[in-house]
2 protein chains.
Amino acid sequence: MKLTRRDFARLGAATALSKALPLRAQAKSEGRKLRWCIVGLGRISMGQFMPGLPLSKTGKVTALVSGHRGKAEQQATVYGVRPSAIYSYDDFDRIRHNDEIDAVYIALPNSMHAEYTIRAAQAGKHVLCEKPMATSLADCKAMIEACRKANVKLMIAYRCQYHPSHLKAIELIRTGAVGQVQAIDSAFGFNIRPGEWRLNKKMAGGGPLVDVGIYCLNASRYLTGENPQDLKAYASVIDHDGRFAQVEESDGWTMKFPSGIVASCSTSYGAMMNGYFRVHASKGWIYMDGFNYSGMHLTALLANGQTIDQPDPIAAPRQFTAEADYFADCVRNNREPKTDGAEGLRDMTAISRIYESAGLRLGA
Amino acid sequence: MKLTRRDFARLGAATALSKALPLRAQAKSEGRKLRWCIVGLGRISMGQFMPGLPLSKTGKVTALVSGHRGKAEQQATVYGVRPSAIYSYDDFDRIRHNDEIDAVYIALPNSMHAEYTIRAAQAGKHVLCEKPMATSLADCKAMIEACRKANVKLMIAYRCQYHPSHLKAIELIRTGAVGQVQAIDSAFGFNIRPGEWRLNKKMAGGGPLVDVGIYCLNASRYLTGENPQDLKAYASVIDHDGRFAQVEESDGWTMKFPSGIVASCSTSYGAMMNGYFRVHASKGWIYMDGFNYSGMHLTALLANGQTIDQPDPIAAPRQFTAEADYFADCVRNNREPKTDGAEGLRDMTAISRIYESAGLRLGA
């Protein structure tokens, strides 16, 4: 039986206490898990998302989509997926006939996000799509429209927005614990190996900005709770070693938010650029060391003199567990995810403007 | 007897080993100190520069200029300055008749730097002037010209360029120890008290950018060894509490250097913004925590896998000792200081462009 949004809503209504119970308790009381079809068997799905699901009571893998049958069969054994629930990209649309799929997790090269989100929506499945949402604003809008029309949830996998330390940073700002925020600095990047699809403009839509710089952009937005009013940027290529024939190597940009907060960010595919954000406020500061799958370290000085020094409270792959739990809750309770298609589109709109300011453009 | 540049040169020639000897040994062998006239008795001169001189063998305070006779007399007692060598701003030009003054240290509000540098030069005294060099590019040029004409040295007090940890960071970059630099992030600011002259546009020439943001700009320049080819900026005022009626509260800006390196910087008078710079390179990174008078902490990861974790090797006020030693060496050996007037002008030119990009302007 396929568990629809309405089923979840009914279950919710039948359980008077459901809203007061923690998510795992709810899932347990309901005895029903969100059944995931994993689209794309790469590093993030095999190393993080799928290992994260068994740690949750809300979800399980019931189907796989891959271009490599052997790899899919191996993963199917690990997660107890029926051989009949292994799909190729060609027969992907057959997932509509599989009632044991509630949602898809799309972990494909960026340029494929739109197509597979739309096809999944048309198959009546909810969609959790990796960031960046797509490689064009038109694609983002088509994804939103397709999911709206099919009445399925669309969430963009901004895992940091479900990480307790990032949520803590947001809370410190919203409650005034550090006073008025004036400025934010953020960076994220890495030294990329030749040959990655990320260096192919058609597949990636852009360089480090769409891949890792997007963390700095998104953090600046969720920390301020605002969208950049204006932004200015530079892009550059220093290493002429063949890697950057199609996409930029580094970007530096600054943004001004409606409140007056300024944010200065960097991203690179040519540097060992540990991810971080730093919030400079009138009565304190917040520093997050890391945007990685683990090891996010939060330190802060608060207005009341208190200091915070909090190592990452969750180990990999629990960031993905938290994200999957949240999505399951949205489906079950028919709630719009906070990182919905509109949120993804806001980032991609800003990225498009950053590229424009730097003399480049988003997309192929 | 006034010790002139020629005297120093003669002494140098007379001491065959002088060039091979460390500066202090030289000074000792020469038995002659650079005699300083301190212009402006504020926090930096009384708390840092003057206390730094007794730690050096190259300099001593022999004259004071202040608008407060009582304060000057008190400091004169501490440093053994003759009462006849205490000047007011009105009779400042009389320093030309004091042969016991070789150089002046100018620690006045920014708008007075040009006037007192030029008057000191005309009095035949070498000049060490605090940053920012002046409040207009025209003033910077006039200062350079006056010192050139008078054949005296002009150095801008960029103390970080004489700090061993900053020099170490520069060396790591120049020797390729971290690979190719791609990006630099830097910030510096503080939450300013109402009533400071720094908030008066006529006296300061600008807001946090000219006062503390200049550290980020200067660091980006000495780390890269380049001048920004292009830059883009925002300025903002968030706190409408009367402090920012004349100058901006915060600035965020990004720069692109000829090599392609991008730098993203922030400064603020409204935030607890600990100074730092972070160098993102292909095979490692460098992080300097602090631009303050003490506590600069250098950490780095090098291409060879080695890490550096170096607390500040010099305590306050030794940054000023190092700066004064360097200047004395330039005077003695008739060498142009590396942070000469041209260096100060380069920063002020960039600052003028940053303000222009942000819709503001440098100066009253």
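**Inside the core**

Modeller: The largest nonpolar core has 223 residues, and I38(A), V127(A) and V127(B) touch the most other members. Such a core joins buried Ala, Val, Leu, Ile, Met, Phe, Trp, Tyr and Cys through C-beta atoms within 7 Å; buried means 20 or more other C-beta atoms within 10 Å, with C-beta atoms placed from the backbone. This is a predicted model: local features need pLDDT of at least 70, side-chain atom pairs 80 or more, and totals for chains, interfaces and linings use all residues. Residues count from 1 along each chain, and chains are lettered from A and ligands numbered from 1, as written.

Take V127(A). Beyond its neighbours within four places in sequence, V127(A) is in contact (C-beta atoms within 7 Å) with residues including T117(A), A121(A), C147(A) and L154(A).

Helix 5 (residues 113–122) and helix 6 (residues 137–150) of chain A pack at about 10°, with axes 8 Å apart. So helix 5 of chain A is roughly parallel to helix 6 of chain A (under 35 degrees).

Now the partner chain. The contact between chains takes 41 residues from chain A and 41 from chain B. The side of chain A that touches chain B has 16 nonpolar, 18 polar and seven charged residues.

Notes
Buried ≥ 20, exposed ≤ 12 C-beta atoms within 10 Å, placed from the backbone. Contact = placed C-beta atoms within 7 Å. Nonpolar A, V, L, I, M, F, W, Y, C, P; charged D, E, K, R; others polar. Axes fitted to C-alpha atoms, helices over the stretch in contact; angles between N-to-C directions. Helix = DSSP H or I, 4+ residues; strand = E, 2+ residues; numbered from the N terminus. Parallel < 35°, antiparallel > 145°, perpendicular 65-115°, else oblique.
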